[in-house]
Structures are given as C-alpha cells and as structure tokens.
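Me: I've got a chain to look over with you. Could you take me through a strand and then a helix residue?

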Amino acid sequence: MNTMTNSSPEAKTPDSRTSSNSKLFAALYQSVWRWHFYAGVIFAPFLVILAFSGSMYLFKPQIEGYLYKDMLTVREVGTAALPADEIIAKTMRAYPGTTISSITFPDDPQSTLALAANRNGTSTIMYADPYTGHITGILNSDETFSAFFKKMHSELVIGGTWANRLVELAACWAIILVLTGLYLWWPRNKSAIWGTILPRFNKPGSRQFWRDLHAVPAFWLSICILILIATGLPWSGVLGGQIDRLANATNTNYPPYALSFMAKPESVTVTKDIADNVPWAAENLPVPKSAAGGYMTLSVQDISAIADKQQVTLPYTISMPRGDTGVYTISTSHTQPGDNATLHVDPYSGAVLTDVRYTDYGLMAKAITMGIALHEGRLFGLANQLLGLITCIGVILIAISSYFMWRKRKPQGKLGAPGKAKDKRVTIGVLLIMLVLGALMPLVGLSLIIVLLLDWLIISRLRPLKHWFSA
Amino acid sequence: MNTRSRPIRKTALVLAMTAALALSACTANTGLTDEKGLLPHLTVDIELPEAFTLDFAAPFHIRVEQHKVPVDTAEVTFEIWPENHPEERVRIPGESNGKGLYTAEHQLSTEGIYIVRCHVVSGSLEAMPAKRFAIGEEAVLSLAELEEQQAADGEAPAHGGGHDHH
C-alpha cells in the first residue's frame, strides 16, 4: 500500500499519541479501498460502455449531419415553402400505407422537414424538401446512428427494463466510486502535489505510474463525472421516479401539459355529431335533400399560423390529433433550453388549450431541463460537447489504468481484493455509510442487500471462496 | 412614536403582500388554468339549419361560451364558401341574440358542398371552427363519403385513398 498512495496512513511515523488514531485511519482506508475495489471490478465494464456510447451520442448533430447530409439538407433553397398539408397529402399518396403523426419545421431554410411516419407498422422518419415536397430520404427510427448509441447508453443494446436498471445501478455505483475514490485520493501530506494533482511519470509501467494515471485524472474529472451522473439520473427508472416525486412534493416540477409526451387534454369542441350524422347511409332510406357534416379538422398550416401568433420560435414539431377527441400539439425542439414551449390546440376550433413555457416550469423542472441539455452537450455548444467527450475519455482511461493497477498487485490464485479492515467498528461504520447511500439510491440498497446475503450465506462458509475474495 | 410606526408597519405588510403577489405571478400561466388544467378558451358550437332549401335564407347559429358561461361580447364573422372555391368566400357578421347565441342568415342558389367557418374573437381569445354542409342529393352522397373517409383517417392508418368499390 505504501507504493500505492503517495502517503498512506501506514506510512506515518508511529507516535504514541497518534498511533491509535493512525490505526483507525488505516482501517478506514482499508475498508473504503475494499468497497472501491469491488464496486470498480463489477461496474467498470458498464461505465466504459456508458462512456463510449455517450461520447458517440454527444456528437449526434455533427455525425448525423454528415451521415444523412443528403436527407437533411435541400438541394436548392426555393422562394416559398409549400403548405405542409400539401406535402403530407403528397407523401401519403406517393407512399401508400403511410400515416404521418408529426411534422418538424426547421429554423434553417436549407433543412428538410422531418415527418414522423408509420409505414406499414414500422416507425420511420421521412425527410421532405419543403419547396418541392419531394421525399429526400427515409430512415427507420430505431436504426439511426443516434438510436443505436442511445439504446447502448440506456439499455446496453440488449434492451429491456433489466438492462435499463443495470445502467442505473452502474451509474449510482459510479457515484460511490467517485466518493470513495476521492477519499482514497485525499492528500495526507500537506505538500504532496505529485500524485494528487499532477501525475508522476518517472517510473513508467510501475504501480505508482498506473495509480497516478488512475487517481489524478479521476480527481480532476470527479466533478464532471458527478454532474454527468446527476443530470442523467432524472431519466432513470427507479431514482428518476423518486426525483419526480420529490419535485411534485416541493411544487417545483413541470406543470401539467408541459411536455409533449405527457398526457394530453381532450378537444373541447362538441363532436357528438361526427359519428351519427349519416344514419341513412347504412340503412336503405332515401337520400335527404340536404345534410350537415361534422366539424372540420384544422389544417397543419392553420396550426402553424397559431404557433407563430403565440410566438413559438422555430424549430418546432406539430403532432397530429389522435382520434376524434385528440388535440394538435406544438412543441419546440430547440438545441438549447430556455425557449421551450408546448401547446395543445383544439383541432376543430384552434383554441389554445394549454401553453406551457420554460418560465412556467418549477425550479427542479428548470434544473432538470438544463441538466439534460448539459448531459447531451447542447447547453453551450462545442465546448459543452468537448467537456463531455473529455469526461468520457477520462472514464475509459480511469477504468483501463485501474485494470493495470490491479494486475500489478494481484497475487496468483486470488482475486486480489484488499483485505477486510482489522477493526470491526470501522467495517460496520463504513457499511452503515453505504447503507445510507443505499437508502438514497434504491438500486444500490437492493444490490447491497444481495451482496451481504451472498457474503453471509455462501462466501463466508466456503473456504476456497473466502480465500479468493479475501473475505 | 408608537402611532407613527403603525402606518409604517402597514406599508411594510402591503409591500410584502405585493411582493408575494408579484412572485406568485411568475407562475401565472398555471395559476389561470381551470379544473382540467386548461387555459381560458372559447368553446363554440355550430348549429346548422335542419334543412337547406335553395333560394331560401337559412339561419346559421353558433353558441359561444367561456368556461360554461355564455359570451355576449364576442365579435363573430361567418364565412361561407363552396368546397374547393375559397375565392367565392362570403363574409357575414354574426348578430348577437344574447345568452351567447349569434346568428347569420345566408341564401344559396346552387347545389353542392359548402363550408361555413365562424371566426370568433373575444378579447385575446379566438376560435374558428368550421363545418361542411351539402345541398342536393349528389352533394349529400359525396359529403357522406368525405366524412366517412375522414373518420377512417382519424382512427386508423390511411388505406391509400378510398378505393372501396370492388
């Protein structure tokens, strides 16, 4: 351990007054190290996957802009755009079996319109030239570059709830890795710059070399890693739900109808006569001399005009009403948050039923919105993307260097885990801290219970296992 | 001293209350909503004549409400035009009959499908619902087909343009 840290507690000169203290610190160090080691061995592979997929997703605008350039940009900017309804009708005629659920209007005259379309059961994105109405390309929604890395980032490619919970578990344990890592890194000599904020490269390949390559960048990036995890957790299945409940309890959440994918209101126009206004059509009655129809659905063009009138700034998406009582939804898709708007509009009368802007969000909802933009590298342009990338590369480097540190130290026939602390009180004390963290992060708590049961029921009862795990 | 401090205390209280009001006004958008969470809005119900006869003035009624209370101060304009011929649009101001009812009369002299749209403005609120109606048997049949097709489009994926004849 002495070579491991720049100044481990054991290295202190024994002093009668402080010897019991330093023993306690040594035990504490040992115990924290043991937790850090096990958490790292188990979760580092997942964190590497998250860092890799995240670094790819960060550059979605640039990479997809390059990959799908011909679809996303028009050949020639025309003088006037066609009415959206004409483009939709034309598309549905040209591609039978297609229904369009939403249309996204860009803020750049060179960009194409994006139509979210269901084509014979497959959800696709169709890009249309707004000046000619021609489809410039079709992508399967779940086969795009970003969809692949998004799935890797949230469901480890395999998909499903289990994978998603595993990602959340790894992210929560990463918080513990950072906290325990910072404790292990904490300089115990006042003057130790080398090995804390600057790495020592004088013995390449040595354990100290790998330790510094692990601990020094980890220290520098610790705040970035914590911020990335914190801004990602509102999406998570278990802790995300708790964050949502906390925001509700403190009245700082998103107001109702704030987000386009949340529940929508119903149309307020009386539509009772739509279904039953042609009774004579089904039966063999004479055709009347005159008849009244039902309410007409407003055109997308009308809704677009309402969006402009309500000062919703481009780019925004208009989602079609679903069923007789469905509403039109206008929602912004800006890169940077701040001008977010979601409006629900009665499809028959054009009455604006709800209009929730960023300024209407509660404090936590504002923070979560900003956090998501920061997490995705959208908050402050290229610098934000690069900061995210550096953090991702850092996480991968930290994982690699930790592997070499471990290989350097690992004895034959054993996992090479740091042994249990000699002082029982310390072991229990650290466990209690872990349990507090487990209470804050439910999946961590659950995993702790499983680990403790495994240790108690199996590992501590089988001598070879006990030896291998240094239990 | 004691008598002077009272108004000051009162002023402070008023100031504090104003500040509280101003602060709560920051979430004004959500404070204005009704029990369903909707913003103030107009509901307009168009009642078309029971039957249309050529060359007879037919009455068009609408009922305007805001939060189930009749609105009598709205500006109402009826627009009527034959389907696919918006350039033949006729604008008729709606007359208020009280209790949120507005009426316009219009005479049509050719058979066909027509559209009536009501533009309703009350303060900053607007609504512009529209309905189709048909005069003459042929027009009634095509209107029925049109409505049926629209209902199908709204509910299920489109089936590629109404080829229902075998």
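Me: Which residue of β8(A) does I330(A) stand opposite?
Reply: I330(A) stands opposite L343(A) in β8(A), in a model that is predicted, where local features need pLDDT of at least 70, side-chain atom pairs count only at pLDDT 80 or more, and totals for chains, interfaces and linings use all residues. Residues are numbered from 1 along each chain as its sequence is written, chains are lettered from A and ligands numbered from 1 in the order written, and side-chain values use heavy atoms, without hydrogens and water.

Me: How many bridges join β7(A) to β8(A)?
Reply: There are 4 bridges between β7(A) and β8(A) (residues 341-345), which run antiparallel; strands are DSSP runs of E with at least two residues, numbered from the N terminus, and two of them pair if DSSP finds at least two bridges between them.

Me: And what about β6(A)?
Reply: β6(A), residues 316-319, pairs with β7(A) in the antiparallel sense, also over 4 bridges, and Y316(A) has T332(A) as its bridge partner in β7(A).

Me: Why is β7(A) largely enclosed?
Reply: Because 5 of its 5 residues, 328-332, are buried, meaning under 20% relative accessible area with a 1.4 Å probe, protein chains only. Y328(A), I330(A) and T332(A) point one way, while T329(A) and S331(A) point the other.

Me: Switching to Q385(A): buried or exposed?
Reply: Q385(A), which lies in α12(A), residues 381-409, is buried, at 5% relative accessible area.

Me: Which side chain joins it in a polar contact?
Reply: That of Q62(A), at 2.8 Å from the side chain of Q385(A); a polar contact is a pair of N or O atoms within 3.5 Å, and within protein one must be able to donate a hydrogen and the other to accept it, with residues adjacent in sequence counting only if both atoms are side-chain atoms.

How values were computed:
Buried < 20%, exposed > 50% of the residue type's maximum accessible area, 1.4 Å probe, protein only.
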